[in-house]
Amino acid sequence: MKKTQRSIIFLVMMLIYGKDPAQITLAKTQTTDGELEVSLKPFIQANYGITFQKMNATDGFVPQTMEVPQNDNLKGYFSMKQTTIGLEIKKKNTTTENSFSSYLEIDFYGKNGATSPRFKHGFLRWNGLTIGQTASNFSDAEIFPNIFDFNGPSGLLYSRRLQVSYYTHISKKEVLSLSVEDPNTPSISLPSNSPGWRKRAILPSFSAMYRYGDEKSYIKAGAILLPISYAMKENIEDEYKTRTIVGWGAMMSGKLRHDENNIFSFESSFGNGIATYNTDLNGEKYDAVPDPAHKNLLETLQLFNIVGIYEHWWNSKWSSVAFASYSRVGGKDYIPVDMTKSLCHMSLNLIFQPYKRFKIGAEANYGIKQTFDNQKAHAWKIQTSTSFRL
C-alpha cells in the first residue's frame, strides 16, 4: 500500500514539475509500420462565476445571449464542464513525411445544459491530410488567448467542423492549407409564412489559409466560399425547388511577439453568410434571412469582426490578458428588428501559474449587445477558475 502511495505521489510531482508536455501513456505496441503509442490527455478546470445581467448562456460569457431590453439579474454558478478527456494514438519515431495520428476528445457540455459527455474532436491525420471533426480551417486557433472563459472573444472566428483538409509547407516559413467542410454548416432563417421550406445540405464549403512566420510570430490570411442551399415552394401543392446562394468571407490574423513577456494578437474578418463561423453567432441563423419584398428568397447577411489581444507576463508566474472585440451585422430593411446588430466584448484577467500545467486566477468580462431596433443591453461577469493540464 505504501509503495502504491509513493508511486502516485511521484507521478503527480513528475507531471507538475516536468519540463516537457506530459501525458498518460496507456500502451505501446509494435507493428510492421513502427511503434504505436496510445496516450490519455486529460484537462481539468473548475469555475465559479457571477453574472449581473440575464443571459441564456449559463457557461461562458456569450454577449449574443443577453436579454434585450436590459434585465439585471444577479446569478452565481459553479461548473466543471470545460474539463476534457483526450485519447491519442500516434506513430512514434517517424519523419514528417511518414507520420500518423488519431485523436478523440470529449468535454462535458451536454444537451439542455446537462453536465454530460459531448463529442468535441475526432479525426485521423496522416502526413498533412486530416479527416474528421476538428477546428475549421477558416479560423485561427493559435491566437486563442491565455484565458479561462472557453468561448473567447465574441468576434473570433472559431468552430469545429467535419472536414477533409490538407496542409503543405511551401517553404521553411510558409504553410498553405485547404479544406472541404460539412455542407450542413450554414445556419439560416426560413420564412414563417412559407410553410414547408427546408434547409438542404448539398455542396460543402471550401476554404484556403496561408500562414507566414515561425512558432513565435506569424501572419495568416484566409478565404472561404460557403454554398447555402434550401428547398422552397410558393404553394403547398407545388413541387419543391432547390435554390443555392453562395456566402463568402476573408480573414487576416496574426501573433506578434515583441519579447517573451509581451505578445500582441489580432484577427479581422469580413464577408456575407459566414456568421456560423463566429464564436457567438454560430447556430443563431445569421447566415441568411428571407427578404419579403422578393418572394421570401434568402439573402446572405454581411458580418464584420475585429479583435485585439494583448498578453503580458509580469514575471515567470504571473500574467494578464486584455482583449477588445467588436462585431457588426450588415443592415438590411428586411432584417427582423430583434436580431443582433452589433456586439462589443472586453475582458481582463490575472493568472498565477506556479507550475507549467497548473494555474489559478480571476477574470472579468464586459459586453454590450445592440439590436436592429436600437435597443441595448450590457452585462458583467466575474469568474474565478483553476485548471490543470497533463
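Predicted model: local features only at pLDDT ≥ 70, side-chain atom pairs only at ≥ 80, totals over all residues.
**Entry 1: a buried charged pair**

I then looked up where the partners sit: Asp149 is in the loop between strand 7 (129–135) and strand 8, while Lys381 is in strand 21, so the pair ties together parts that are 232 residues apart in sequence.

**Entry 2: other salt bridges**

I asked myself how many salt bridges there are by this rule, and the count comes to ten. My reminder for this page is that side chains of opposite charge can pair when their charged atoms come close.

I next turned to Lys120 and Glu105, whose side chains also meet in a salt bridge, at 3.7 Å from N to O. Because Lys120 belongs to strand 6 (residues 115–126) and Glu105 to strand 5 (residues 100–109), this pair ties together parts that are 15 residues apart in sequence. Both Lys120 and Glu105 are buried.

For Glu67 and Lys54 I noted a salt bridge in which the closest N and O atoms are 3.7 Å apart. Are these two residues buried, partly exposed or exposed? Glu67 has a relative accessible area of 25%, so I wrote it down as partly exposed, and Lys54, at 34%, counts as partly exposed too. I also found a network of salt bridges that links Asp140, Glu142, Arg211 and Lys220.

**Entry 3: the strands and how they pair**

I looked up the chain's elements and found one helix and 21 strands. Strand 19 (residues 340–355) and strand 20 (residues 358–371) run antiparallel and are joined by 13 bridges, and a hairpin through two residues connects them. Within this pairing, Leu348 has Ala364 in strand 20 as its bridge partner.

Strand 20 also pairs with strand 21 (residues 376–389), again in the antiparallel sense and over 13 bridges, with Ile360 standing opposite Thr386 in strand 21. Four residues lie between the two strands of this hairpin, and in the turn I noted Asn374, which has a positive phi of about 65°.

**Entry 4: strand 9 and its neighbours**

Strand 9 is joined to strand 8 (residues 160–169) by seven bridges, and the two run antiparallel; they form a hairpin with four residues between them. Strand 9 is also joined to strand 11 (residues 205–213) by eight bridges, antiparallel as well, and here Glu181 stands opposite Ser205.

Which residues of strand 9 are on its covered face? I listed Val175, Ser177, Ser179 and Glu181 there, with Glu174, Leu176, Leu178 and Val180 on the uncovered one.

**Entry 5: a nonpolar patch on the surface**

I found a surface patch of nonpolar residues, made of Leu225, Val246, Trp248, Phe270, Phe304 and Ile306, which together have about 510 Å² of accessible area. Strand 13 (241–259) and strand 17 (302–313) are the elements that give two or more residues to it. Phe270 lies in strand 14 (residues 262–272) and is partly exposed, with a relative accessible area of 33%.

**Entry 6: the chain as a whole**

Last, I looked up the overall values. The radius of gyration is 23 Å, which agrees with the value near 21 Å that a compact globule of 390 residues would have. Buried residues make up 47% of the 390 residues. The chain exposes about 20,200 Å², of which carbon and sulfur atoms supply 59%.

Terms used:
Residues numbered from 1 in each chain as written. Heavy atoms only, no water. Buried < 20%, exposed > 50% of the residue type's maximum accessible area, 1.4 Å probe, protein only. Pairing = 2+ DSSP bridges. Patch = residues over 30% accessible without salt bridge, like charges linked within 9 Å, V, L, I, M, F, W, Y side chains within 5 Å. Areas by Shrake-Rupley, 256 points an atom, 1.4 Å probe, with all protein chains shown as cover. Salt bridge = Lys/Arg side-chain N within 4 Å of Asp/Glu carboxyl O. Rg over C-alpha atoms; globule rule 2.2 N^0.38 Å.
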